[in-house]
Amino acid sequence: MNRWNMIPLHALGQVVTGSTPKTSEADFYGGSIPFVTPGDLHGFVPIEKTERYLTQAGASKARLLPEGSVMVSCIGLLGKVGVAGRAVATNQQINSVIFGESIFPRYGFYACRTLAPELERHSTSTTLPIVNKSRFADLEIPVPPLAEQKRIAATLDQVDILRAKRRETISLLDNLTQSIFLDMFGDGEWPVAPLSRVVRDGTVVTYGIVQAGEEFPGGVPYIRTGDIKRGQILTAGLRRTDPVIASKFDRSRVLAGDIVMSIRATVGTVAPVPPDLDGANLTQGTARISPGALTQGIYLLEYLRSSKAQFWIQNQVKGATFREITLAKLRELEVPLPPMALQNIFAERMQVVLGLRNAHSAHLAALDELFESVQQRAFAGRLWDHEVT
């Protein structure tokens, strides 16, 4: 049982929904005010820089937020959270809370990060999950005294710093992987083929289940866009569907070694399918790419991650609020085909790097579990049961 009073967000501060000024109104863009979208929400690094900026006129249309505001994505990929490091504005996919004096800012940030399951439960659509302002404002967080809020935030900060360092190491290894890839293949003029022709015989680049239905314990796991994090599929949190439903989408059943790509929201994010997900399925927001005889799986994966491929993919994306690349367009992506002998050498070199990455990823997973445990105890008022040192 939670020791602290549960209080709705609307009673703790002002809840604001952003908006996007019309792109045709040039006076709204090119200013100095950061314009935040869900892709900018990456944790408790205060957001001060973004890809797009608004003028004062544009910010007045989108609603200017003060420094310290907590921003939560509520359309598409639900539950991403960030903090404004200066005055910012957001698009309509984000609901924000301008907390009052009863909430310590870092505590408010961590408390909002626990709302993801509630956001999913209150979403009004399965194709494009949406939690509107009123539903979001009614969500509740525990509110201990300010001194306890500061203690909780400081404790969570300790674990979060360790996680950030581990993520940084993984990022450096990913950069090394891409460096090796570019060194071996970047300057070569190889024959090319569309992605549709380099997949395994008998398969196509395809998306998955349209309507997965209610959670089915013991059923077939399926992969959503939000399940792809840091280049891997988070197997622990996968939802499951009725095997009868999954059987209707056998075309999108994945095998170990296949590649899954997000084709909605976080378009272009890719991850390999691990052995324990052999036989899983996908949702409409993800696509299966099965490496065929023309490519090594690790070569195709790293090509899809390369700046060249990602630049092409992002240029094919349609929509501002609902970002998507069509399968027809994705299948046209040209894939360079260096000699298989060279791809094999690349695969051998990658085994060493991937071994290190997997070790650091396992450590990060352990830290993630520790963080979740500490967070649960903290927000239930039981932080003193086990101290984090």
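**Close-up 1. Aromatic pair of Tyr-29 and Phe-35.** A search of the whole structure finds nine aromatic pairs, where rings of Phe, Tyr and Trp (its six-membered ring) pair if their centres lie within 6.5 Å, and planes under 30 degrees apart count as stacked, over 60 as edge-to-face and the rest as tilted. Tyr-29 and Phe-35 form an edge-to-face pair, with 6.5 Å from centre to centre and 80° between the planes. Tyr-29 is buried at a relative accessible area of 16%, and Phe-35 is buried at 3%; buried means under 20% relative accessible area, exposed over 50%, and partly exposed in between (1.4 Å probe, protein chains only). This is a predicted model, in which local features need pLDDT of at least 70 and side-chain atom pairs count only at pLDDT 80 or more, while totals for chains, interfaces and linings use all residues. Residues are numbered from 1 along each chain as its sequence is written, and side-chain values use heavy atoms, with hydrogens and water left out.

**Close-up 2. Aromatic pair of Phe-181 and Phe-346.** The ring centres of Phe-181 and Phe-346 are 5.7 Å apart and their planes lie at 75°, so this pair is edge-to-face. Both Phe-181 and Phe-346 are buried, and together with Phe-185 and Tyr-299 they form one aromatic cluster.

**Close-up 3. Arginines over aromatic rings.** Arg-163 lies over the face of Phe-371, at 3.9 Å from the ring centre, and Arg-251 lies over the face of Tyr-207, at 5.4 Å from the ring centre. A charge sits over a ring if NZ of Lys or CZ of Arg is within 6 Å of the ring centre and within 35 degrees of the ring normal.
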